[in-house]
Structures are given as structure tokens and as C-alpha cells.
Amino acid sequence: MSRPTGRVLTLLELLQSGGTRTVAELAERLGVEGRTVRRYVDQLIDLDVPVESVRGRYGGYRLAPGHRLPPLMLGDDEALAVLLGLVAGRRAGLTTTQRTASETASAKIRRVLPKRIARRLDTLLETLAFTDQPDDFDTPDAEALLTIADAVRHRRPVSIRYTDRDGRRSDRTLHAYGIVAHAGRWYVTGKDARIGADRTFRLDRIADARTLPGSFEAPVGPDPADRLLSAFATAEYRHEVTLRIHGTVEQIRARLPAGVANLEEYAPVAGEDPATERWLRVELRAERLDWLPPVLASLDRPFVIERPDELRDLVIALADRLGFYARQA
């Protein structure tokens, strides 16, 4: 690569890092004069790279939004970060319905990596292990995701077509508060204008998202992530469970996080240590109860089961089994 061509690409890389760069700054970084910088900018414009001139005391050059993505210049560390991010995103299920998009993006970046970096990346991926197995998540439509994100940003109502877990379809108007990624899925929290109540929707079940005229005021109170966790903890399931557990908030939350259970916390009086163990009320809903006895055992804290009686029977049965196994020679 000739030196002028290399400097033009270096100029593009500098502009892609963001912000406005003065001619003096660019000239110093490139080791050329100001008029040469202007000539390099003209070459980028000839290649349809959207470079715009900024006038004024702090003026210079910056990249403007264009009709297509300009050639992307990444350093070795940046390329590695992007590739690992794509791998992690696929693993966590946080991708769009275009499942091949992250794979083709990875292939394009790998194709232009220096051989030394590519070999080191291959070594990393070959030796990298995960503690959990990848899940086959249904992922959202990219256009719906971006449309709803724009509606959240500008507080615009959005029309959606939603399919619930039973396969029933409905058209809704949503005042979206925020988008939350949780446990490998995308969710949107907001007010369902038809019923006038807050709801949580899975984004992979949303189709035909369209921004509507008008605007709305976002409510004060919990942020979207807290609203999502609260919705999970209070969702309608087969069993309603109420417990009293003697311990600290941290001890209980280690096994029963906010997305699983509501915890009636307390406000410590003046001079009292908030980490002091005491009886706290825990409420949760569950479709099945068989997972709860091992969780309560792992807490290793005194507890009282207020309801249901079925859970008390399951805990006693688990204790009997453990005692039987422990007595075996």
C-alpha cells in the first residue's frame, strides 16, 4: 500500500472514532500539511464517504450519516472485541431474527484480520468453554426492535401485533417505557393503552410495529428493568407461595432474586446495621413447586412456610430423602 493511500485510510479511521477533528490535529496525526489533509478529504468524498466540513473556531471535519456504511477501520483490539461480542450475543440469544447476520459479520471481519491476530483468535475460540449450554431462543424482528426503540426514545405511541403464549393474536397500542434484555430474551415494558395498565411484552412475539402520531409522558417510579423483574415476580402462576425467612436481604437474594420473588424489606432504625439478620417476608408465584425445597435448603437459614401446605410436604419429603441417603454405609 502506498503511503498516500495508507494515510487516506488512517484519516478515515481517525474520523470514524467520532467527533470533529480540526485540520491542525489531523495534519499532526498524519504527519502532513493542512492542504494535504484537505486533499485526502476530497479523495474520501470521491469514494462516497460522507465527510462534512464544520465551520467555526472549533471547526474541522467529521463523518456525517450517509446512504451506506463507509469502509470500517478497526484496530486489532477493536476487531477482537467486536468478534467476541458477536460470539457472546449469539450464545446469550441476544440477536435479531436474521440469525445469519452475526455469522456473516464475523466472517467479514475475520477475512480482513492479519493472520497473526486471526490465529490467536482461533486459539481463543477453540479453548473457550461456557458453563451453560446454548439455548434456542426465539429472537425479535430487527425492524420491530428498532421501531420500538425509536418510540421509547421520542415517547411516541406504537402500534403492535402481539401473539401471546397461547397463540392468540391481538392489535395493541403501546406506550413503551423501555427495552430490557433479560435471561437471553428481549422485552419491552410499557402501558397498554387499550386497558390502561402496565404490561410486559416479549419482543420476539411482536410483529408489524408502527410508530403512531402523538406523544406521552413517561411515568415516574421504577425504571424498565425493575418493572420487568417485578412483573415476573407477580405473574399469575399455579401456586402462590408465602414464606418467612430469617436472614439478611443479601443472603435471601442470593437464592431468590428480584425476578423470582418479592421481598418485604425493612427500613433500619437510626444506628441499626442494615445487614442485621431478621425475619423477612418472601412472596413468589410458581407453576411448579419441586424446585423450591432445594433452594430453601441451599439458603441454610431458618424459614417458615405460610402457604401452601403442598410445599411443606415437599420440604419434609426432601429432608427424609437426604436423611436416608446420609445414613447409608
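Because the model is predicted, local features are reported only at pLDDT of at least 70 and side-chain atom pairs only at pLDDT 80 or more, whereas totals for chains, interfaces and linings use all residues. Residues are numbered from 1 along each chain as its sequence is written, and side-chain values use heavy atoms, with hydrogens and water left out.

The secondary structure comprises eleven helices and eleven strands, taken as DSSP runs (H or I of at least four residues for helices, E of at least two for strands) and numbered from the N terminus. Of the 329 residues, 32% are buried, where buried means under 20% relative accessible area, exposed over 50% and partly exposed in between, with a 1.4 Å probe and protein chains only. Among contacts (heavy atoms within 4.5 Å) with a separation of 6 or more, 61% join residues 24 or more positions apart.

Two aromatic pairs are found in the whole structure; rings of Phe, Tyr and Trp (its six-membered ring) pair if their centres lie within 6.5 Å, and planes under 30 degrees apart count as stacked, over 60 as edge-to-face and the rest as tilted.

| Pair | Centre distance | Plane angle |
|---|---|---|
| Tyr 162 and Phe 201 | 4.9 Å | 75 degrees |
| Phe 324 and Tyr 325 | 6.0 Å | 65 degrees |

Tyr 162 belongs to strand 3 (residues 158–163) and Phe 201 to strand 6 (residues 197–202), so their pair ties together parts 39 residues apart in sequence. Tyr 162 is buried at 7% relative accessibility, and Phe 201 is buried at 3%. In the other pair, Phe 324 is partly exposed with a relative accessible area of 44%, while Tyr 325 counts as exposed at 51%.

Helix 2 (residues 23–30) has Val 23, Leu 26, Ala 27 and Leu 30 as its buried residues. These residues lie on the same side of helix 2, because they cover an arc of only 100 degrees around the axis, the arc being that of the directions from the helix axis to the C-beta atoms. The face turned away from this buried side carries the exposed residues Ala 24, Glu 28 and Arg 29. After helix 2 comes Gly 31, with a positive phi near 70 degrees.
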